[in-house]
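Then we'll walk through some parts of it together.

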Amino acid sequence: MNRYIEEKIHTFQDKNRNRARFLIKCPDQPGIVSAVSRFLYDHGANIIESDQYTMDPIGGEFFIRIEFECDELKEKANLLEEDFHSVAEKFNMDWKITYVNEIKNMAVFVSSQPHCLLELLWEWQSGDLMANIAVVISNHETAREMVKSFGIPFYYIPANKDIRDQVEEKQKQLLQDYDIDVIALARYMQILTPSFVETYHNRIINIHHSFLPAFVGAKPYERAFERGVKMIGATSHYVTNDLDEGPIIEQDISRVDHRDNVEAMKKVGQSIERSVLARAVKWHLDDRIIVHGNKTIVF
């Protein structure tokens, strides 16, 4: 990591040393917001931001994200978590506290197309993607020099379906060595095994075009062009064992018309893919996503 990015991260950590986030989901009932607010007040915390959503007000699910400041948070963290158990049990909560100054370690997987990787690197370099991009892993050598120019370790691991288990053992070891919290698949064109996906449950973020399910398989842009589509989109989602069907985090579209040939459509698609993946990754890093079944609540 270069010194400029290190300074940005250290400044961010110092500024947010007393800031944390609650992510909570539970059956909806009266008193939830009051109980959580009272808990934070009793522990000397000040709520900075609060967003909530109720899925079906009658017998539905309740979701809330709260960001708060608390003096001497590091010293109080264990007590906060221990004391909150009684509140969580009362309302049958699925919950977690994250600490804003604990920067997440991220790995990026990429194949031969570097556009999504580059977007993440640019956002990271500018300080707008607050993570430690600890390692880039690829089954192609294409991105090696660009990754090295950012001071990030790059590992080339050839991969195909015949050696998938051996490849993933090497990848898992690297992810363990770098203490990885989240993985971004920046156009990584390999299928992950169920074991790998389970190890990083709801921590692998993928990006792909949104022609699915209409144009499955090879050469989707060529087939979309032949069909005369008028919109191109991209979808970012958490990876599950159902290929390209995990909980959707973000999507976007752009219009095209008869003037656009296949190459022009691909450029439009790549631009959308870059921005959609970057937003999804940022929201994950900022603890803005709660997964509920095969959906996401994004605050």
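Is His-115 buried or exposed? This is a predicted model, and in it His-115 has a relative accessible area of 8%. That is under the 20% cut-off, so His-115 counts as buried. You'll find His-115 in helix α4, which covers residues 115-126. Setting aside neighbours within four places in sequence, His-115 is in contact with Arg-187, Gln-270, Glu-273 and Arg-274.

Now for Thr-142, which sits in the loop between β6 (132-138) and α5 (144-149). Here's how the two residues look side by side:

| Residue | Relative accessibility | Class |
|---|---|---|
| His-115 | 8% | buried |
| Thr-142 | 45% | partly exposed |

Four strands make up an open sheet, and going across it you meet β2, β3, β1 and β4, with antiparallel pairing. The edges belong to β2 (45-55) and β4 (94-99); each has a single partner strand, so one side of each is left without a neighbour in the sheet. From one strand to the next, the twist averages 10°.

Zoom in on β1 (residues 19-27) and β4: they run antiparallel, and six bridges join them.

Finally, look for helix α3 (residues 73-91), which lies across β1, β3 (61-70) and β4. Helix α3 runs at about 170° to β4.

Technical notes: Residues are numbered from 1 along each chain as its sequence is written. This is a predicted model: local features need pLDDT of at least 70, side-chain atom pairs count only at pLDDT 80 or more; totals for chains, interfaces and linings use all residues. Side-chain values use heavy atoms; hydrogens and water are left out. Two strands pair if DSSP finds at least two bridges between them. Helices (H or I, at least four residues) and strands (E, at least two) are DSSP runs, numbered from the N terminus. Axes are lines fitted to C-alpha atoms, for helices over the stretch in contact, and angles run from 0 to 180 degrees between N-to-C directions. Contact means heavy atoms within 4.5 Å. Buried means under 20% relative accessible area, exposed over 50%, partly exposed in between (1.4 Å probe, protein chains only).
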